[in-house]
Every structure is written in C-alpha cells, then in structure tokens.
Amino acid sequence: MKRNKLRFILAVVAVLALLAGAFCVTAFAAPGDVATAIEGTWNSAKGQIQTVVNKVVFPALTLILAVLFFVKLAGCYFDYKKHGQFEITAPAILFAGLLLVMTAPLYIWQIIG
C-alpha cells in the first residue's frame with residue numbers, strides 16, 4: 001500500500017516538473033549584456049514603482065510605526081506609574097524608525113537611482 005502511494009507521489013512530482021519545464025519562458029539578453037536588459041526594465045517601470053512606494057508603502061509603514069510608537073509610549077508610562085522607572089529605549093527606537101520612514105521619500109530615490 002505504501003509503495004503504491006510513493007509511486008503516485010513520484011509520478012505527480014515528475015509530471016509537475018515536466019509541466020514547469022514546458023511552460024517556463026527563458027529571457028535572453030545579448031551575449032554578456034545582461035546589465036542593459038535589467039537597466040531597461042528598471043527604467044521602464046521606475047515611475048510606477050516610485051508612485052506606488054511613495055503613495056502606499058511609505059504611508060502604511062508610517063501608520064504602523066506611529067501606532068506602535070504611541071502604544072509603546074503608553075505602556076512605558078503605565079510601567080513608570082507602577083514601578084517608578086521609565087524605560088526610554090523602545091520608544092526611542094520606534095521614534096527613530098518613524099522619522100527614517102517619514103523622510104525616506106526625500107532621499108531614497110537618489111540612492112537607488
């Protein structure tokens with residue numbers, strides 16, 4: 001019984017491997033000129049990528065970090081009221097990350113190109 005199951009699984013894997021090989025598309029560049037193909041692809045999609053990242057990704061990260069910062073700050077305040085010691089490390093790291101993400105659109109595209 002186990003031998004039949006093993007043969008079936010091997011047959012399914014073999015068929016899937018053959019199908020994957022049959023339907024894969026190979027991208028060819030001029031001999032030794034892969035960099036030009038990559039640069040061309042990047043240049044054609046750069047505007048769309050910048051728009052999506054600037055209008056969706058960075059605001060989403062900013063929102064997440066802001067919520068985490070205020071939640072952690074409130075938790076540190078309640079710990080301070082309970083124990084008399086204020087731990088500033090976690091809110092400081094979250095605040096630094098928040099500042100980094102908020103200012104990233106100003107400089108990230110000069111770094112990437």
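Author: Gladly. The mean pLDDT of the protein is 88, and 95% of its residues reach 70 or more. This is a predicted model, and pLDDT is the predictor's confidence in each residue, from 0 to 100.

Reader: Which elements have the lowest and the highest mean pLDDT?

Author: Among the elements of the protein, α1 has the lowest mean, at 89, while helix α3 (residues 89-112) has the highest, at 92.

Reader: How many helices and strands are there, and what pattern do they follow along the sequence?

Author: The protein has three helices and zero strands. Read along the sequence, that gives the pattern α-α-α.

Reader: What makes the protein more spread out than a compact globule?

Author: Set the value against the rule. For 113 residues the globule rule gives 13 Å, but the radius of gyration of the protein is 26 Å, well over that, so the protein is more spread out than a compact globule. Along its principal axes, the C-alpha trace spans about 65 × 55 × 25 Å.

Reader: How do you know that the span of helix α1 agrees with its number of residues?

Author: Helix α1 covers residues 2-23, which makes 22 residues. The expected span is 1.5 Å times one less than the number of residues. For helix α1 that comes to 32 Å, and its end C-alpha atoms are 32 Å apart, so the two agree.

Reader: Why is α1 called hardly covered?

Author: A residue is buried when its relative accessible area is under 20%. Among the 22 residues of α1, the count of buried residues is zero. For the protein, 12% of the 113 residues count as buried. The protein exposes about 9300 Å², and carbon and sulfur atoms supply 72% of that area.

Reader: Is Cys-76 buried or exposed, and is Cys-24 buried or exposed?

Author: Cys-76 has 7% relative accessibility, which is under 20%, so Cys-76 counts as buried. Cys-24 has a relative accessible area of 55%, which is over 50%, so Cys-24 is exposed.

Reader: How many disulfides are there?

Author: A disulfide needs a pair of cysteine sulfur atoms within 2.5 Å. By this rule the count is zero.

Reader: Why is Gln-48 called exposed, and where is Gln-48 placed?

Author: Gln-48 sits in helix α2, residues 34-83. Its relative accessibility is 61%, over the 50% cut-off, so Gln-48 counts as exposed. Gln-48 and Ala-66 are 18 residues apart along the chain, and their C-alpha atoms are separated by 26 Å.

Reader: How far apart in space are Asp-33 and Leu-106, and Thr-89 and Val-15?

Author: Asp-33 and Leu-106 are 32 Å apart, C-alpha to C-alpha, and 73 residues apart in sequence. Thr-89 and Val-15 are 55 Å apart in space and 74 residues apart in sequence.

Reader: And what share of contacts joins residues at least 24 apart?

Author: Among contacts between residues at least 6 apart in sequence, 61% join residues at least 24 apart.

Methods:
Residues numbered from 1 in each chain as written. Predicted model: local features only at pLDDT ≥ 70, side-chain atom pairs only at ≥ 80, totals over all residues. Heavy atoms only, no water. Helix = DSSP H or I, 4+ residues; strand = E, 2+ residues; numbered from the N terminus. Buried < 20%, exposed > 50% of the residue type's maximum accessible area, 1.4 Å probe, protein only. Rg over C-alpha atoms; globule rule 2.2 N^0.38 Å. Contact = heavy atoms within 4.5 Å. Areas by Shrake-Rupley, 256 points an atom, 1.4 Å probe, with all protein chains shown as cover.
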